[in-house]
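The stops below are given in the order in which they may be selected.

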Amino acid sequence: MPMQKPLNNINERLILGISLQFLLLTMHSAKDYAQDIRIGLYPDYHISSLVFSVVQGTFDLIADDACLPEIQPGDIFFATIDGNKIHLSSRIKKIGYFSKIEVRHTGHESTFQLKSVSPILASADYDGDLILRTAGNYFQIVNDVDLEKYVAAVIEAEGGANAHPEYYKAQAILIRTYAIKNMYRHGADNYNLCSSVHCQAYKGKSLLNRQIYEATLQTSGMVLTDMSGKLITTPYHSNCGGLTCSAEIAWQTNHPCLVSIRDPFCASGKNHSWSEQIPLDKWTGYLRSKGASISGTYPGDYALENPGRVKLYTFKKTSIPMRKIRDDFDLKSAFFQIIYDNENHIVFKGRGFGHGVGLCQEGAMEMARVGYTYPDIIHFYFQNVLVVNYHEVMPQ
Ligand SMILES: [Zn+2]
Ligand SMILES: [Zn+2]
C-alpha cells in the first residue's frame, strides 16, 4: 500500500492527527498491517557517486518515465551526479541522464546492495525499493521498505544481536511506535524518517539473526499508547544503572508513562557502572567558567554523594544541570556521584549508559532471559500504557 504524501507545510502538519486516523483506517480496512515507510539514507553525507546492484529477486528500473528492462541478481549500475542530473550507466554501456531513478522490486523477497563511491563508504544490503533524486550537487537516497522489515533492521542496528525473542518483541513495539508517531518528521524532505540517530539508526537489511525478524512479525502492527489511546514517546537506552530516569528529570517534560523505577535486572550488565577521573584544576576551571567562586573552598566541598536521579549539581550558589556536565565531560550518563579523590583529582562515579528514560536494554534482555514475556517487560519500564494494534487507536 503506498504511503500518504509527506506533509509540506505547517497547516498540513496541524492535521497530522486526522491523517494518522486515515492511515490507520486504510490499514485496518486492508485487514493486514502491510505498510511501507520511506527512509532517507546517509543524511549526514554528501554523496555524489554510488553503485547499486541486485542481490536477490528482480526489480524494475525506472529512469524518469522510462521503464528499462527488468534487472536481476548480478546486475550492477553506476550513478554519478553530473550537473543537475544523474548519469546512469551499467557495466557495459552508458544509459543516460535522468532526474530520478527508481529501482522497484517486482518479487516478494528482493534485496539490493548500495555502496557510496564518493565519499567511499561501506556497502549495505537493503530490502524494498531504491529511489535516487538530485539534491543540489548530491544524491537524495531513499529506501522505500516494508515497515516490519525496517523495524527488524533497527532492532539489529540498536544492538542486542544475541538476545531472547521476548526482548526483540518488546523492542519491536517501541521502534514501531516511534516510526508511526514520527511518520512526518521528514515530510519536507519527501521521506518519513532518516537512517541516522536523529530518527532511529538504520543500517540496512537485518542479517545477523533471523529471530529478530520473526519476533518483529509476531508483534506485527502492535504499538504503545497512553490510557487515552494516544501514541507515546518510546525511549530506550543501554543501561539505567538500577534506577530509570523520569522524562521530567531528563527533559523537563512531565509524562505519566515515563516515570522513574528501580530496576534490579540490569545490575550485571556491562554498562551498569563507570568512573572517570578528572584533574582537580580542570574541575575548578570548569566551575569558574560557570560563574562559581572557589576561593576558600576545601576540595571535599565539590563532592556529590548518592544523589539519586537529580536535575542539578549545586556548588555554593551555582547550579549546573547534570545533563550539561555529562555533555561537557563526555560522560556515559547524567547519573553520578562526585568523589573527592585526593588533592589532584575528583572522580565521577557513575551508573548506567544513556539518558535512562524508558526501557533499559540490558535490564530488558535479562528479564527476557529469565522468563518474562514482552508485555511484562513493556509494563515494567512504561507506566499507564496499553499495547494495542493500529486499528485499536482509531476513535470508535
Ligand atoms: Zn531524522
Ligand atoms: Zn536498568
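Select residues 49-56 and 111-118: these are strands E2 and E9, which run antiparallel and are joined by seven bridges. Helices (H or I, at least four residues) and strands (E, at least two) are DSSP runs, numbered from the N terminus, and two strands are said to pair if DSSP finds at least two bridges between them. Within this pair, Val51 has Lys115 of E9 as its bridge partner. The model is a predicted one, in which local features need pLDDT of at least 70, side-chain atom pairs count only at pLDDT 80 or more, and totals for chains, interfaces and linings use all residues. Residues are numbered from 1 along each chain as its sequence is written, while chains are lettered from A and ligands numbered from 1 in the order in which they are written.

Thr111 stands opposite Asp127 of E10, and the hairpin that joins E9 to E10 passes through five residues.

Now widen the selection to the whole sheet. Six strands make up this open, antiparallel sheet, in the order E7-E6-E5-E2-E9-E10. Its edge strands are E7 (94-98) and E10, each of which pairs on one side only. From one strand to the next, the twist averages 25°; axes here are lines fitted to C-alpha atoms, for helices over the stretch in contact, and angles run from 0 to 180 degrees between N-to-C directions. Strands of a sheet pair through backbone hydrogen bonds, either parallel or antiparallel.

Move on to strand E12, residues 138-146. With strand E1 (residues 36-41), E12 pairs in the antiparallel sense over six bridges, and Ile37 has Val145 of E12 as its bridge partner. Strand E11 (residues 129-135) also pairs with E12 in the antiparallel sense, over seven bridges, with Ile131 opposite Val142. The hairpin of E11 and E12 has two residues between the strands, and Gly136 in this hairpin takes a positive phi near 65°.

Continue to helix H3, residues 147-157. Is this helix enclosed or exposed? H3 is largely enclosed by the rest of the structure, because nine of its 11 residues are buried. A residue counts as buried if 20 or more other C-beta atoms lie within 10 Å of its own, as exposed if 12 or fewer do, and as partly exposed in between, with C-beta atoms placed from the backbone. Among the buried residues of H3 are Leu147, Tyr150, Val151 and Ile155, and Glu148 and Glu156 are buried as well. To see what covers them, display E1, E12, helix H4 (165-181) and helix H5 (210-218), which are included in that cover. Just after H3, Gly159 takes a positive phi of about 100°.

The next stop is a second sheet. Three strands form it as an open sheet in the order E16-E20-E19, with antiparallel pairing. Strand E16 (273-279) and strand E19 (336-342) are the edge strands, each pairing on one side only. Neighbouring strands of this sheet are turned by 25° against each other on average, direction ignored. Seven bridges connect E16 to strand E20 (residues 345-351) in the antiparallel sense, and Ser275 has Lys349 of E20 as its bridge partner.

Select helix H7, residues 280-289, to complete this region. H7 lies across E16 and E20, running at about 85° to E16. How many of the 10 residues of H7 are buried? The count is one, and H7 is hardly covered.

Finally, colour the model by pLDDT, the predictor's confidence in each residue, from 0 to 100. The mean pLDDT of the protein is 88, and 90% of its residues reach 70 or more. Over residues 1-32, pLDDT stays under 50, and the model has 33 contacts beyond four places in sequence for this stretch; two residues are in contact if their C-beta atoms, placed from the backbone, lie within 7 Å. Where pLDDT is low, the predicted coordinates should not be read in detail.

With the whole protein in view, there are 10 helices and 22 strands. Of the 396 residues in the protein, 39% are buried. The C-alpha atoms fill a box of roughly 80 × 50 × 45 Å, taken along the principal axes.
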